[in-house]
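Please read these comments with the model open beside you, taking the points in order.

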Amino acid sequence: MGQKNQQVKKLIKLGWVLGAIVVLVAILSFVFIQTLKPDYEGEKEFTQLGDTVEVYYDGYGIPHIYGQSEEDAFRALGYVHAQDRLWQMDLLRRIARGGLSEAFGKDLILTDKFMLSLGIDDASTQSVSQLDGDSQSARISQAYLDGVNKFIAEGPTPIEYYLTGLEKETFQIKDIYNSIGYMAFSFAMAHKTDPLLSEIKSKLGPAYLKDLQIDSDTSTVRIKNYPEVDQDSTKNTLSAFTATALKGLPLPQFVGSNSWVIGAEKTKSGKVILANDPHIGFAQPSVWYEAHVTAPGYEMYGYHLAGIPFPVLGHNREIAYGITMLENDDIDFYYEQTNPADSTQYKSGEDWASYEILTRSIKVKDTTDVVFSYKKTKNGPVLNGIANQVRGERPISMSWIYTQLDNKNLDAFYDVSHATDLDSFKAALRNIHAPGLNLMYGDAEGNVAWWGTAKLYEMPEGAHTKFVLNGSTGDERPIRYKDFSENPHAVNPGSNYVYSANNQPDAMGSKLYPGYYLPENRAKRIVELLEQKDDWDKDAVSKMITDHTSTVNVDIVKELGKLVDVKQLSDEEIVLVDAMSTWEGDYPLESVAATLYHKWIFYLLKNTFEDELGEELFTQFLSTHFHKRLIAPMVSTPDSVWWDNMNTTEVEENQRDIVNGALLQAIDSLRGLFGNDPTKWTWGRIHSVEHGHPIGQVASMRQFFNVGPFPATGTREVINNMAFTYGDGELFNVKHGPSTRRVIDFSDIENSISILPTGQSGNPFSDHYDDQAEMYVNGEFRKMMMNKEEIISTAESKLIFKPGPE
């Protein structure tokens, strides 16, 4: 009995010891987590400050920064930006310099090789060497980096660094240029389109290009200019290479956007209203960091990209501006000709020039560095040899205007954010050579305007830039760069509004400018709604920016309905098709018609194009803009060569066969997903959004780092552009959409509204990591505060930076 008691006592004692260890681990974990949280209150000494800076955080974690000088205010901005987004900043700067493999391992080597070969990092080095260090843009940029580097030196290390084993590194101005360079490349579509079209032409012949909507379309809704201007075979699988290389990027790419600015004559208040929602790949943290910065002579409520000091979107009491993607063609591919007698040379006009050989080294996590070399011509880097996907002896080079011309983007973004009126804003835009942007503008004086902003160029007659060009003769290179005055634009048009939805701008002169424009769907809807009324207010605009109706999709269903063979359908299936005839083209969560429509369209595309293209090229085809442009025209083109299935030699299929087969496959697919009851095939079950963190791609980390999933209204190519990729699994998982929704009302500027997709902070331990996520999917907004008294009286916390000893 005594022995048993002793054993019981030992077990109890052991239990207490284990319990104490568990409690101690929990306490230590809690303390550790607390040290990783952003510090939103208290006082900090900052040696480089000239005076005290006060930072008030509102209820959503947005900093309102008040400094006695602009440089001090931007030092504080750098610090607070870094404490919420340092990991995001680090990843963004790493892309251009080929630094992703160091963080994520060998799977990113191809991506690093591709990004290094683009030459962004080299161009950034050159830009920094030419930078005037005493210019205001350079001084403010350095002040911002002072703040970032102070946080790196003294702030807590974000958890991602512990998980990846990376060390924090200080930031330099070159990192800003590299981040801008990646942003510029992510806007481009040529690398997804030109090589693919060249392969289609080589593989199938010119007849198969006819219905692909690759040229400028004069019949669709176009963005009007004002004042108006008189209209006058390869074995290389380069498209596979670029698709594979970019697939590995752990940060989102820029895709499209909406914006419209309504003039005083069309608003209830008689004041301008600006709306903007740039469409970018969804990720966690969100792309934009909001900050309200005030100093003597400067105030801006801005949206900042990671590691970039000047806001790309912004407003104050005088002006408001936003962006959409211009979608202009600024990348060209060239076939080069190697000298058969000397492989170190290539043909350049009548002469032979020597290939430049560049050698680069990539650090790779948990293994040795990878060293590789590539060739470069005057057109740009030769992509053969960088990856196995680019095969064949004929070299292909890539010419990108971003790396070909002097880079003045830093000055441009500084000047844009410091503009005070229409003239100073317009003057700033001349310095943006790439990426191609539509800059949307409105002001307190009643002006509305947009400018297509890029260094546009003129090509020789007959040079079709949607295909790989001849680089050896020099006859297919740009013949001149256009002056900024020749760019598409509109200033105070008679319509009393301007808009952009990435659609084709009107011609400036005799020709439409080539590009990778999106279909007219969103543009058509925006114009339709804006034309309906002249009493717009903030509430009406906020409703419009979440609109999810496509009249184009309704027209497509009508055309498809004419081809349906009801004899192939059961009574239940006939009811489904009949119900679609009354569908209004909208996408609420409970819609069944929306679900069936997109399944039908996917199988229509698959059965039309995959037999000719093959699986790999068809997947790449689905990543292009032109596949979106061709859907509506194709359903009205019964004689297209694409309808026949090349795999069935004994039968020649027609449009009706493909349409009916796709409908039956769509119905079978939905039965397999959700059962036989069509009332269960609702849009909210198949269409959802999850904001993925790079580390959240690891299954065990997903729940902690990722935000969502949430059922989502909206769809591809509606105003609420919650877009997905066809063929990316059975469900329609949203990949990109509005990266913010902003409504700036100059009749009540202090109560303008916006929303972020997840939250302000990228720190998973912050209360503001995901506090806007449900509001976002519900189409709700919050106020962008600008009234100082209100900001101070309602502040969640206050952080003070004071000058410290040397």
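1. In this predicted model, the protein chain has a radius of gyration of 28 Å, which agrees with the value near 28 Å that a compact globule of 806 residues would have. The C-alpha atoms fill a box of roughly 90 × 80 × 70 Å along the principal axes, and buried residues make up 60% of the chain.

2. The protein chain contains 24 helices and 32 strands. It exposes about 31,400 Å², of which carbon and sulfur atoms supply 49%, and the mean positions of its 74 positive and 111 negative charges lie 5 Å apart.

3. Helix H18, which runs over residues 593–621, deserves a careful look, since a straight helix of 29 residues would span 42 Å, whereas H18 spans only 25 Å between its end C-alpha atoms. A kink of about 125° is found in H18, centred on Gly614, and 24 of the 29 residues of this helix are buried.

4. One joins Gln284 and Pro285, with omega at about 5°, and Pro285 sits in the loop between strands S5 and S6; another joins Gly708 and Pro709, with omega at about 10°, and Pro709 belongs to strand S26.

5. Asn502 is not a glycine, yet has a positive phi of about 65°; this residue lies in the loop between strand S24 and helix H14, and counts as buried because its relative accessibility is 0%, under the 20% cut-off.

Note on methods: Residues are numbered from 1 along each chain as its sequence is written. This is a predicted model: local features need pLDDT of at least 70, side-chain atom pairs count only at pLDDT 80 or more; totals for chains, interfaces and linings use all residues. Side-chain values use heavy atoms; hydrogens and water are left out. Helices (H or I, at least four residues) and strands (E, at least two) are DSSP runs, numbered from the N terminus. The expected span of a helix is 1.5 Å times one less than its number of residues. The bend at a residue is the angle between axes fitted to the seven residues ending there and the seven starting there. Buried means under 20% relative accessible area, exposed over 50%, partly exposed in between (1.4 Å probe, protein chains only). The radius of gyration is taken over C-alpha atoms; the globule rule is 2.2 Å times the number of residues to the power 0.38. Accessible areas come from the Shrake-Rupley method with a 1.4 Å probe; for residues, only the protein chains shown count as cover. Lys and Arg count as positive and Asp and Glu as negative; His and the chain ends are not counted. The place of a charge is taken as NZ of Lys, CZ of Arg, CG of Asp or CD of Glu.
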